[in-house]
Amino acid sequence: MQFDISAKDVRFRDARTSIRRVENLFIFDVRASKIFPAVVGNDTEQDRDALAVFGRAEWAFDPRWQLDLGLRYSREKRSILIDGTQLLADPLGLFAGVYHPGDILTDSVTSCLTIGICTPGEPYADSIDEGDWSGKINLLFNPNDLWRFYLSVSRGFKSGGFNDNSTSSSLQYLAVRPERLYAYEIGAKGRLSGGALHWNSAVFYYDFKNQQVEDFIVDPVFGPLEANTNAPNSELYGFESELLWQITSRLALTQGLGFTDGRFKDFQGIDSLAVSSQDRDPDFRFYSPVYLDRSDGAIGFPNWQYNGMLQYQLPLVKSRWLRFAVDYSYESEAKQAGEFERVLPAFWLFN
């Protein structure tokens with residue numbers, strides 16, 4: 001459904017809905033496990049139903065000043081259906097007579113290993129229904145026809161979701177919490193040298209609440225499993241600048257430079273190496289969480305980004321052009337702090 005209501009300096013746009021289904025087959029090889037040496041997997045189905053209603057108002061309260069207001073309400077329903085973690089292969093025959101290929105193990109493995117015999121678990125089903133407001137306030141200043149300055153404050157919302165790893169307990173399927181973002185930006189756009197030079201630049205700061213990040217959950221049987229989780233507080237800040245130079249009517253050069261740094265302000269992650277080493281203890285029975293303070297650790301963004309393009313266009317006939325271009329980009333090394341440092345080396349791309 002879409003609607004438009006137009007008046008002077010006011011616009012309201014769009015109410016939208018979307019429905020999506022995702023099916024996933026996950027296979028997990030844990031034949032090296034000291035607790036459950038087998039091949040397991042699950043078949044999951046997730047449904048997402050999203051609704052958004054949003055509007056925007058523009059108020060030019062002075063020839064040089066304008067205030068933009070945007071407001072959006074988002075609501076998402078997500079559901080998950082998992083047959084459960086199934087035994088796909090028992091290469092050593094350790095579970096003969098107890099489990100057979102195809103048996104559902106979720107919520108049964110731990111009790112079976114502790115007590116001896118139990119009934120395989122049941123399929124897991126759950127749903128979440130979340131809604132929240134987001135919006136933006138943008139103040140524009142146009143001192144003349146060549147320059148525009150702006151200051152914006154916005155709030156964003158991202159709904160939660162489900163992990164669908166193979167696990168031994170349905171507790172590992174609990175939903176990830178919603179993420180909220182408070183963004184602040186100040187910038188300028190202008191033209192120089194009679195319009196031959198266009199310059200855009202901005203400085204920004206993002207404040208995340210419950211940012212959804214990749215970390216680990218700890219399964220008592222399978223140990224640390226990669227999964228999405230929430231970092232309670234994190235931040236991202238930096239600047240970006242772009243220059244477009246129309247050297248001649250046919251030749252143009254674009255240059256861009258940006259800096260970004262992201263840090264966790266409050267985040268207790270999982271020390272996956274410490275968890276994995278627990279099975280070296282002679283008295284080991286089940287894996288348990290070991291936490292690592294990742295506060296003030298890097299989120300994992302490359303600090304520096306640079307890009308450029310040189311373009312030349314040759315007129316042909318009937319408003320047709322032949323265009324030649326070379327473009328290039330660079331990203332500096334990206335590091336993500338943790339129990340071991342993950343590094344993505346710096347690289348260049350040329351086209």
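A residue is called buried when its relative accessible area is under 20%, exposed when that area is over 50%, and partly exposed in between, with a 1.4 Å probe and protein chains only. The structure discussed here is a predicted model, in which local features need pLDDT of at least 70 and side-chain atom pairs count only at pLDDT 80 or more, while totals for chains, interfaces and linings use all residues. Side-chain values use heavy atoms, with hydrogens and water left out, and residues are numbered from 1 along each chain as its sequence is written.

The protein chain holds 2 helices and 18 strands, these being DSSP runs numbered from the N terminus (H or I, at least four residues, for helices; E, at least two, for strands). Of its 351 residues, 36% are buried. The chain exposes about 20300 Å², of which carbon and sulfur atoms supply 56%, the areas coming from the Shrake-Rupley method with a 1.4 Å probe. If a contact is taken to mean heavy atoms within 4.5 Å, then among contacts with a separation of 6 or more, 62% are accounted for by residues 24 or more positions apart.

Strand S6, which spans residues 124-141, contains serine 134. This serine 134 counts as buried because its relative accessibility is 11%, and, leaving aside residues up to four places away in sequence, serine 134 touches Gly70, Leu71, Arg72, Arg155, Gly156 and Phe157.

A salt bridge requires a side-chain nitrogen of Lys or Arg within 4 Å of a carboxyl oxygen of Asp or Glu, and a search of the whole structure finds 13 of them. One of these joins the side chains of arginine 75 and aspartate 129, at 3.1 Å from N to O. Arginine 75 lies in strand S4 (residues 65-82) and aspartate 129 in strand S6, so this pair ties together parts that are 54 residues apart in sequence. Both partners are partly exposed, arginine 75 at 33% relative accessibility and aspartate 129 at 42%.

Another salt bridge connects the side chains of glutamate 76 and arginine 78 at 3.2 Å, N to O; glutamate 76 counts as buried, at 12% relative accessibility.

Aspartate 132 and arginine 180 also meet through their side chains in a salt bridge, at 2.6 Å from N to O. This pair links distant parts of the chain, with aspartate 132 in strand S6 and arginine 180 in strand S8 (residues 179-192), 48 residues apart. Aspartate 132 is buried, with a relative accessible area of 12%, whereas arginine 180, at 24%, is partly exposed. Elsewhere, salt bridges that share partners join Arg21, Glu45 and Asp47 into one network.
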